Amino acid sequence: MTTDIAYDVVTCGEGLLRLSPARYERLEQSNVLDVHVTGAALEVAVGVQRLGLQTAWLSAVADTPLGKKVINKVQEHGVDTRYVYRVPEGRTGLCYVEPGSAPRLPQFLYDLDHSAFRSTHPEQVNWSLLTQTRVYHIDATSMAADPVYRPWLENKFVDPISSGCITSVCLDVPEGHPFHGQMTSLIVRLIEEADLVVITVRALETLWGISGTLNEVAYDIKHRIAAEVVAVVENRLSTPRAGNWQGIAIADTLYEDRIYRMEVIDAGGTLSAFTAGFLYGKLTGTLEIALKYGNAAAALAHSIPGHISWLTKQDLQSQIEGEGTKLQR
């Protein structure tokens, strides 16, 4: 790997706008919608940057006011967006979210057709910064749902092996959009060739039929793929407003951590928060501390509206040390 490193983590993926009613209204009855910037790859870049490392985001974004809103939010946190491809007269993908409260579940409606990212071929993106990064991270969750993303997966976002950086892949089952059959083999190949994998229990069951305890599925997938490190997470929400978060990691040794019991304000962006904390911990310390940072970040992210991880290293340390629930003066 080149020693001329400018970035600790570079991520790639689509940026969207999430529109949701306030006060748990239905979309049909609401006259006002809250707007949040979302997109798993940009969320990871923001999360790692806020913890103190240097990141960049690769994407294709509409060169319009809505596209600029996405870029401005990412830049606000210090992430480098100079390599984002601007699409003249492109459109920005939208995700409408209707918050749930028991017994009503959350609802997700996507409007992604002909978005700037989906209309862009990977060859139009400038990939040169991969030679200057330690970790190249891909969130494959949205890719798994729609064959329109096939060119991105077939190009594997430009083969990072030739760039000499560590490859990281995160995967969950897309909410309301299960894996598309045509994409499964490409997703599996991407995971099998990654150096570091963050994956949910439901994705393991969907792709490989793996089931069992968290420890059992972690050992199973680690034996199936060549990744140096695998983190397996499980987010169980007993109601839309309450649940548990647990993540474990395995390399040569299995690492476990506490189970977080949460009151949920917003579950959006929690897997990205875990990934950001995990990558930060892995790059700055041990795998054990990476797991603790990841789990603390995911648990805290449930308490913050929107998908962006508005967390600091101090927040994570306080949570890990058991100070997070005490009044801070």
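Which are the buried residues of helix 2? Before I answer, please keep in mind that this is a predicted model, in which local features need pLDDT of at least 70 and side-chain atom pairs count only at pLDDT 80 or more, while totals for chains, interfaces and linings use all residues. Residues are numbered from 1 along each chain as its sequence is written, and side-chain values use heavy atoms, with hydrogens and water left out.

The buried residues of helix 2 are G67, V70, I71 and V74, where buried means under 20% relative accessible area with a 1.4 Å probe and protein chains only. They cover an arc of only 90 degrees around the axis, which puts them on the same side of helix 2, the arc being that of the directions from the helix axis to the C-beta atoms. In general, an α-helix has 3.6 residues a turn, so residues three or four places apart point the same way. Among the elements that cover these buried residues are strand 2 (16-21), strand 3 (33-38) and helix 1 (40-51), contact meaning heavy atoms within 4.5 Å. After helix 2 comes G78, with a positive phi near 95 degrees.

Let me turn to helix 7 (residues 270-284) and helix 8 (residues 287-301), whose axes come within 7 Å and cross at roughly 155 degrees. Helix 7 and helix 8 are therefore roughly antiparallel to each other, a label for angles over 145 degrees. Residues making this contact include F274, G277 and G281 of helix 7, and A290, G294 and A297 of helix 8.

Finally, in helix 4 (residues 184-192), the buried residues are L186, I187, V188, L190 and I191, and their cover includes strand 9 (133-139) and helix 5 (201-208).

Notes. Buried means under 20% relative accessible area, exposed over 50%, partly exposed in between (1.4 Å probe, protein chains only). Helices (H or I, at least four residues) and strands (E, at least two) are DSSP runs, numbered from the N terminus. Axes are lines fitted to C-alpha atoms, for helices over the stretch in contact, and angles run from 0 to 180 degrees between N-to-C directions. Angles under 35 degrees count as roughly parallel, over 145 as roughly antiparallel, 65 to 115 as roughly perpendicular and the rest as oblique.
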